[in-house]
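The sequence and structure are shown below.

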Amino acid sequence: MAAPGAGPGGRRRLDGRRGGPARAGPHPGPAAAPAVRGATVPGGAGPGGGLPARGAGGRPPVHDHRRGPARRPGRPGHPAGHAGCGGAGVHRRSHGGGGRGGGRAGGGVTGRRVAVTGGPAAGARWDRRTLLRAAAATAVTLAGGCGRTGPSIQVAVVWGGGELTNFRRVVAGFGDVRVVTAGNDIDAFLRARQLAGTSPDVAILPRPGLVVEYARRGWLREVTPSSGYAPPVGMADLLSTGGRRYGVWVKAAHKSLFWHLPSRLPEPPRSWDELVQLTRRLGGLARRGAGPAPLAVGAADGWVLTDWFENVLADVTGPGFYAALARGEADWRSPQVRAALDRLAELWSVAGAFPGGGRRALLTQFEDSVIDVVHRRRAVMVFEADFVADTAREFAAGEAARTFRFPGARRADRPLIVGGDAAVVFAGSERGAELVRWLSDGAVFGPWLDAGGYLSPDVSVPLDSYRDAVRRDLAADLRAAEAVRFDLSDQLPGPFTGSDGVGIWRIMQDFFADVTGGVAAGEAVRRATGQLAAAARSAGGGR
């Protein structure tokens with residue numbers, strides 16, 4: 001790595017990764033983790049350079065966007081947003097997308113881990129970068145009066161770039177609020193601050209599992225939303241434990257979308273069988289050099305593959321089983337899970353499905369997969385959430401991308417998976433509770449709605465408040481749904497929730513490597529369900 005923040009290709013980003021075309025060369029990643037199964041790909045095949053063989057040390061880095069790309073600082077020559085009180089210059093993106101917590105360090109600081117003993121987080125191992133960031137935030141808090149002892153309310157967020165700017169515009173309507181950007185792992189950041197006794201007043205968390213965990217540890221205070229608070233059916237209860245509410249949703253992500261260029265795909269598939277047939281037809285053309293591959297996928301980011309799995313699972317099972325898996329009350333080796341994996345194997349194993357094949361896909365990060373469709377035009381479709389729009393706009397080559405819903409088994413079946421970011425209040429902060437109650441009123445997000453790039457979790461927000469036509473349609477989807485299914489992996493306990501090289505992210509990457517590498521579907525499903533069941537037991541989250 002030539003310099004901090006330098007990546008394998010494209011232009012520099014604050015989180016150490018680059019958004020431009022991948023080039024050969026070493027990838028700035030964390031310390032080596034267990035290898036993804038599969039043969040080695042020659043250097044230069046993608047942003048990772050080479051995929052280690054099974055059993056070899058190292059693996060292509062997978063970046064936690066939970067769920068979405070880390071924000072760029074802006075186009076060259078444009079300054080990045082101010083980090084805020086105690087902030088740091090490493091930006092990542094959450095559900096809006098996805099945010100989900102966890103994350104990877106970028107370039108410039110090695111992936112060494114620091115053991116922390118004692119206190120609420122005894123035994124945790126944190127990235128040195130995160131600890132330094134938390135320490136810096138603590139120092140600024142104590143020196144500058146940014147915490148509860150001063151007049152300002154301190155809010156820790158995962159957002160950066162335009163999201164951070166727009167959120168600051170929102171909270172400016174409340175009063176003196178200072179925003180701390182926690183960087184690429186808000187969970188580790190907050191644990192370090194809790195251990196130091198300098199927790200912020202408020203945090204925006206990208207996983208409901210973290211809200212419940214922190215509440216059970218006694219770190220949070222109960223919250224009372226505004227009278228008009230109206231999240232989609234099925235989301236409100238995710239932020240409660242013991243009959244008490246500890247968070248309110250402030251941002252949503254629609255995670256059941258395919259993106260394409262109309263010139264390349266005039267008539268999108270309307271059922272799963274139509275999607276498979278289209279993939280086979282386009283894959284055959286791609287193998288003969290007569291057209292682009294049908295699908296782009298950023299399989300180097302494990303959360304992309306879990307999003308695929310969750311949409312298929314929601315289509316082949318009822319809401320009860322999906323929720324039971326999230327609660328740890330269902331078997332990961334069940335026929336329903338096997339059916340979902342079988343369906344994915346049917347599609348992912350199609351010859352010519354991905355540009356450069358499955359092994360290159362395992363070296364392709366999320367943003368590069370979008371660029372493969374909208375700019376390089378090496379693929380026809382890419383699946384992911386509403387936050388694809390930001391990358392698609394930035395790299396569009398004269399044609400705007402359009403969307404269609406993730407297709408179900410029948411034309412009438414369209415699964416709807418959502419993600420979201422929730423505001424919580426740390427114990428002892430009265431003013432923090434006032435701010436969170438204020439944030440639960442969807443009307444206060446007017447500045448962000450006006451700017452675009454925001455999907456409200458409040459279904460009472462008028463649709464004509466959205467200037468962005470795409471998100472206006474997505475908001476209508478949320479409103480029309482009888483019940484939404486929240487991102488499954490965001491609800492799983494402990495390490496099973498997934499991060500680089502571990503948990504359900506790693507398992508889905510192994511499964512993808514198997515089905516795109518010639519392993520029979522039945523054997524690949526057997527391996528994956530066994531791994532999922534073992535990981536669930538280890539995390540205390542199922543069987």
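Helices are DSSP runs of type H or I with at least four residues, numbered from the N terminus.

## Overall composition

The structure is a predicted model. The chain holds 16 helices and 14 strands. Of its 543 residues, 61% count as buried. Among contacts between residues at least 6 apart in sequence, 74% join residues at least 24 apart.

## The largest nonpolar core

The largest nonpolar core has 140 residues. The members that touch the most other members are Phe167, Trp308, Phe309, Trp332, Leu341, Trp348 and Phe511. Domain 1 (153-253 + 419-486) and domain 2 (257-415 + 492-539) both give residues to this core, so it lies between them. In soluble globular proteins, nonpolar side chains tend to be buried together.

The surroundings of Phe167 can be listed in detail. Residues up to four places away in sequence being left out, Phe167 touches Val155, Val157, Trp159, Val179, Ile204, Leu439 and Trp448.

## Packing of H8 against H15

Helix H8 (residues 335-348) and helix H15 (residues 503-516) have axes that come within 9 Å and cross at roughly 50°. That angle makes H8 oblique to H15. The crossing in which H8 passes H15 is right-handed.

On the H8 side, the residues that meet H15 are Leu341, Leu344, Ala345 and Trp348. Their counterparts in H15 are Met508, Phe511, Phe512, Val515 and Thr516.

Helix H10 (residues 366-374) contains Val370. Of the 9 residues of H10, 9 are buried, so the helix is largely enclosed by the rest of the structure. These buried residues are Phe366, Glu367, Asp368, Ser369, Val370, Ile371, Asp372, Val373 and Val374. They pack against strand S9 (257-260), strand S10 (293-296), helix H6 (302-316), helix H9 (358-361), strand S11 (379-383) and helix H11 (388-395).

Why does Val370 count as buried? Its relative accessible area is 1%, and a residue is buried when that value is under 20%. Beyond its neighbours within four places in sequence, Val370 is in contact with Val382, Val388, Thr391 and Ala392. Gly298 is 72 residues from Val370 in sequence, while their C-alpha atoms are 8.3 Å apart in space.

## The H10 and H11 pair

H10 and H11 pack at an angle of about 50°, and their axes are 9 Å apart. The two helices are therefore oblique to each other. H10 passes H11 in a right-handed crossing. The contact involves Phe366, Glu367, Val370, Ile371 and Val374 of H10, together with Val388, Thr391, Ala392 and Phe395 of H11. An α-helix has 3.6 residues a turn, so residues three or four places apart point the same way.

Arg393 and Val374 are 19 residues apart in sequence, with a C-alpha to C-alpha distance of 8.7 Å.

## Helix H4

In helix H4 (residues 208-217), the buried residues include Pro208, Leu210, Val211, Val212, Tyr214 and Ala215. Among the elements that cover them are helix H3 (186-196), strand S5 (202-205), strand S6 (240-241), strand S8 (248-254), strand S13 (417-425) and strand S14 (485-486). Gly218 follows H4 and has a positive phi, near 85°.

## Two loop residues

Arg377 is located in the loop between H10 and S11. Although Arg377 is not a glycine, its phi is positive, at about 55°. With 23% relative accessibility, Arg377 counts as partly exposed.

Ala481 lies in the loop between helix H14 (469-480) and S14. Ala481 counts as partly exposed, at 23% relative accessibility. Val233 is 248 residues from Ala481 in sequence, and the two are 8.2 Å apart in space, C-alpha to C-alpha.

Conventions
Residues are numbered from 1 along each chain as its sequence is written. This is a predicted model: local features need pLDDT of at least 70, side-chain atom pairs count only at pLDDT 80 or more; totals for chains, interfaces and linings use all residues. Side-chain values use heavy atoms; hydrogens and water are left out. A nonpolar core is a set of buried Ala, Val, Leu, Ile, Met, Phe, Trp, Tyr and Cys residues joined through side-chain atoms within 4.5 Å. Buried means under 20% relative accessible area, exposed over 50%, partly exposed in between (1.4 Å probe, protein chains only). Domain bounds come from an automatic or database domain assignment. Contact means heavy atoms within 4.5 Å. Axes are lines fitted to C-alpha atoms, for helices over the stretch in contact, and angles run from 0 to 180 degrees between N-to-C directions. Angles under 35 degrees count as roughly parallel, over 145 as roughly antiparallel, 65 to 115 as roughly perpendicular and the rest as oblique. A crossing is left-handed if the near helix is turned anticlockwise from the far one by less than a right angle, and right-handed if clockwise.
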